[in-house]
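Take the model below one element at a time.

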Amino acid sequence: MTKPFLPEADVFRLCNARVPAAFLTDGVPDGAQRDADGAALLDLVIAGGRFGPVRPAGHAPAELPAADLAGRHVWPRLVDVHTHLDKGHTVARTPNPDGDFAGALDATRADRTRYWDADDLRRRMSFGLACAEAHGVGAIRTHLDSQEGGPSRDQAETTWAVFREMRAAWAGRIALQGVGLMPLDGYAGPYGERLADLIAESGGLLGGVTRPTGGLHGAALAGLDAELDRLFALARARDLDIDLHVDETGDPAAASLDAVARATLRHGYEGRVTCGHCCSLAVQPPEQAAATIRRVAQAGLRIVTLPTVNLYLQDRTRGRTPRWRGVAPVQELMAAGVPVAVAGDNCRDGFYAYGDHDMLDTFRAAVRILHLDHPLERAPALAGPVPGAIMGLDFAGTIREGGPADLILPAARSLGEVVARPHADRIVLAAGRRLTAPPPPYEALSGEPAPW
């Protein structure tokens with residue numbers, strides 16, 4: 001497929017652009033031709049870096065400079081609503097030799113203790129953001145390890161200071177949100193108050209993991225309700241939303257998601273709580289899972305599934321092929337009206353040895369892993385408008401009049417073709433202008449010169 005010529009004018013049109021209906025949150029324009037996947041053939045006017053009228057193909061002002069896309073797909077820049085920029089790109093120096101969850105915890109703890117000063121965090125987070133921008137990611141929510149530090153370094157203070165620096169440096173390029181991350185029992189006592197204040201002062205979200213410090217998901221949490229009450233009280237006192245890691249295990253006895261839904265209802269926090277992973281829900285007895293899903297919907301929880309990372313971690317036993325995919329029951333959650341997003345999670349660290357902060361690649365994997373196809377029409381929403389709404393960003397992951405003209409143009413004419421290829425040759429636009437910087441070379445992580 002020939003790369004389209006993009007006008008350099010301040011006002012121009014993209015003609016015959018094929019846009020999945022899921023991204024058109026103001027609705028498909030009347031009279032637009034739609035294909036078998038529901039994608040609409042449109043003319044998009046771009047003026048001053050923002051979308052003008054979105055019209056059926058052939059209805060944009062003919063006098064404007066134009067690029068004829070001839071039915072090529074046009075996507076908004078995508079939204080990664082669950083990442084770990086502070087952990088990223090550490091696998092080479094601190095590997096997880098077994099590739100399992102316990103090994104990931106050990107590797108992360110060792111790497112954090114040895115390396116995570118401000119310079120190290122700054123270098124790796126900048127690298128991750130540059131990768132994401134080159135691939136067409138426009139918004140990221142990153143969880144930030146916030147455990148109480150040792151005598152040599154206050155890790156939370158250090159990490160959140162670098163996060164604030166990154167958010168300011170990348171403003172206008174990638175919208176960044178931060179979430180405090182540590183086991184829920186870490187919020188007990190004075191440190192929990194101090195951390196909640198730090199997160200509030202940093203404009204972040206309160207977060208946590210529904211497992212004990214040093215333990216795995218599914219371990220006994222006799223005090224879970226009390227720990228959740230403490231978390232919600234800290235959040236309410238500071239008017240903070242909540243984003244949690246929940247039940248990241250194949251143990252059907254892990255049922256923290258139901259406890260989170262009950263706590264949300266108990267504290268009147270409906271619509272303000274996001275839960276990531278929720279893997280054990282897929283292996284619980286059908287009646288129990290259905291009851292939890294009903295309560296999740298009642299509480300207005302938003303669910304984020306992390307298909308590539310959970311496929312990597314869950315049901316991993318050396319010398320034995322995994323028996324399940326490790327992901328949440330996404331289709332059942334969506335059928336109950338629960339907002340569900342797909343996100344990238346870890347990147348080249350102990351929890352996931354691969355990845356490149358590429359949400360288009362994550363979307364393609366999610367379609368295959370979660371069977372979000374036949375039909376494909378609804379799937380793009382999980383990487384665009386749904387996570388954009390979870391982040392509270394008005395235009396993120398959408399194509400709408402008045403929104404920023406931030407786009408991905410894969411060389412594809414159908415959703416099937418989008419999923420079929422990796423699209424290393426995609427075109428990315430920010431405010432109507434083509435981005436030309438490729439993903440950074442790995443040598444940038446160490447400051448070494450690239451070999452070519």
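Two strands pair if DSSP finds at least two bridges between them. Helices (H or I, at least four residues) and strands (E, at least two) are DSSP runs, numbered from the N terminus. This is a predicted model, in which local features need pLDDT of at least 70 and side-chain atom pairs count only at pLDDT 80 or more, while totals for chains, interfaces and linings use all residues. Residues are numbered from 1 along each chain as its sequence is written, and side-chain values use heavy atoms, with hydrogens and water left out.

Begin at strand E1. In E4 (residues 66-68), E1 has a parallel partner, joined to it by 3 bridges. There, Cys-15 has Asp-68 as its bridge partner. E1 also pairs with E2, this time antiparallel, through 7 bridges. Arg-13 faces Val-45 of E2. E1 is mostly covered, with 7 of its 9 residues buried. Buried here means under 20% relative accessible area; exposed means over 50%, and partly exposed lies in between (1.4 Å probe, protein chains only).

Strands E7 and E8 come next. They pair in the parallel sense, with 7 bridges. Thr-142 stands opposite Gly-178 of E8. E8 spans residues 175-181 and is mostly covered: 6 of its 7 residues are buried.

Now look at helix H5. It runs over residues 224-238, 15 residues in all. Its first and last C-alpha atoms are 21 Å apart, close to the 21 Å expected at 1.5 Å a residue. That expected span is 1.5 Å times one less than the number of residues. Which residues of H5 are buried? They are Leu-224, Leu-228, Leu-231, Phe-232, Leu-234, Ala-235 and Arg-238. Seen down the axis of H5, these buried residues fall within an arc of 160°, so they line one face of the helix. The arc is taken over the directions from the helix axis to the C-beta atoms. An α-helix has 3.6 residues a turn, so residues three or four places apart point the same way. Ala-226 and Ala-237 are exposed, on the face of H5 turned away from its buried side.

What does the buried side of H5 pack against? Its buried residues meet helices H4 (189-201) and H6 (256-266), along with strands E9 (206-209), E10 (242-246) and E11 (273-277). Contact means heavy atoms within 4.5 Å. After H5 comes Asp-239, with a positive phi near 55°.

Next, the charged pairs. Side chains of opposite charge can pair when their charged atoms come close. A salt bridge is a side-chain nitrogen of Lys or Arg within 4 Å of a carboxyl oxygen of Asp or Glu. The structure holds 29 of these salt bridges. One of them joins Arg-18 to Asp-35, with the closest N and O atoms 3.5 Å apart. Arg-18 lies in strand E1 (residues 11-19) and Asp-35 in the loop between E1 and strand E2 (40-47), so the pair ties together parts that are 17 residues apart in sequence. Arg-18 is buried at 14% relative accessibility, whereas Asp-35 is partly exposed at 23%.

Another salt bridge connects Asp-145 and Lys-87, at 2.5 Å from N to O. Asp-145 sits in strand E7 (residues 137-145), and Lys-87 in the loop between strand E6 (78-83) and helix H1 (101-115), 58 residues apart. Both residues are buried.

Asp-111 and Arg-93 also form a salt bridge, at 2.8 Å from N to O. Asp-111 is in helix H1, and Arg-93 is in the loop between E6 and H1, 18 residues apart. Asp-111 is buried at 2% relative accessible area, while Arg-93 is partly exposed at 30%.

Ser-446 lies in the segment after strand E16 (433-434). It is partly exposed, with a relative accessible area of 46%.

Finish at Asp-406. This residue is in the loop between helix H11 (385-390) and strand E14 (407-409). Leaving aside neighbours within four places in sequence, Asp-406 contacts Trp-75, Pro-76, Arg-77, Leu-429, Ala-430 and Ala-431. A polar atom of the Asp-406 side chain lies 2.7 Å from the backbone nitrogen of Ala-431.

Technical notes
A polar contact is a pair of N or O atoms within 3.5 Å; within protein, one must be able to donate a hydrogen and the other to accept it, and residues adjacent in sequence count only if both atoms are side-chain atoms.
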